[in-house]
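Here are my notes after going through the model, as numbered points. Have a look at the structure first, then see whether you read these spots as I do.

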Amino acid sequence: AVQYLNALFNPTDIVCLTFIHGTKTYASGGAVTENVFLPLSEVITDAGIKRLTERNKAEHIYISMAPFKAGSKNRTKVNIAEARHVFIEADENGDAVLAAVRADVVEGIIPAPTTIVQSSPHKYHFIWNVTGFTIPEQEAMNRTLQQKYGTDPQTVDAARVLRIPGF
């Protein structure tokens, strides 16, 4: 988890951890969810990882793919500090998507992802670190990749969360 987080963020970045409870739900039926904004440097300490490990016993742990402005309270686009990643999530046909992405990298069609995470058997997250993108440009690139590879169309927004490996 620490290696993954360090590959995506800078220690001073404010990251949004999202905890989704495994059994507790709101009256409306949705899972109880909490967003916590912390500097990455606090998350990746031994104590920080220990806290995540404890919470992981009852909650699913995710991280937003964008760093946030200091003082953020909500995981919304207006609070994003900058677009830092483009990404796709392949929950269906994951092995075929993995093969297609790898083939396109070899052919020079796309750059190699910064990281590929197998989130569960045959399901993958592909993340590319980027610089100089606006949020609309980042979301447009997410949509382009999503359409090209037939991945989850619900995972193109800039504030999207993906599971942290190991949790």
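1. Phe37 and Phe68 are both buried (under 20% relative accessible area; over 50% would be exposed and anything in between partly exposed, with a 1.4 Å probe and protein chains only). Bear in mind that this is a predicted model: local features need pLDDT of at least 70, side-chain atom pairs count only at pLDDT 80 or more, and totals for chains, interfaces and linings use all residues. Residues are numbered from 1 along each chain as its sequence is written, and side-chain values use heavy atoms, with hydrogens and water left out.

2. Searching the whole structure turns up two aromatic pairs (Phe, Tyr or Trp rings, the six-membered one for Trp, with centres within 6.5 Å; planes under 30 degrees apart are stacked, over 60 edge-to-face, the rest tilted). Phe37 and Phe68 make an edge-to-face pair, 5.3 Å centre to centre with 75° between the planes. That pair ties together distant parts of the chain, 31 residues apart: Phe37 belongs to strand 2 (residues 31–39), while Phe68 is in the loop between strand 3 (59–64) and strand 4 (85–90). Helices here are DSSP runs of H or I with at least four residues, strands are runs of E with at least two, and both are numbered from the N terminus.

3. Why is the pair of Tyr124 and Phe126 tilted? Because the planes of the two rings are at 45°, with the centres 6.2 Å apart. Phe126 has 0% relative accessibility, so it counts as buried.

4. Tyr124 itself sits in strand 6 (residues 123–129) and is buried too, at 9% relative accessible area. Leaving out neighbours within four places in sequence, its contacts (heavy atoms within 4.5 Å) include Ile88, Glu89, Ala90, Asp95 and Leu98. With Glu89, 35 residues away along the chain, the C-alpha separation is 5.9 Å.

5. Which side chain has a polar contact with that of Tyr124? Asp95 does, at 2.9 Å (a polar contact is a pair of N or O atoms within 3.5 Å; within protein, one must be able to donate a hydrogen and the other to accept it, and residues adjacent in sequence count only if both atoms are side-chain atoms).

6. Now Glu139, in helix 5 (residues 135–149). With 8% relative accessibility, Glu139 counts as buried. Its side chain reaches the backbone nitrogen of Ala158 at 2.8 Å. Beyond residues up to four places away in sequence, Glu139 touches Lys77, Val156, Asp157 and Ala158.
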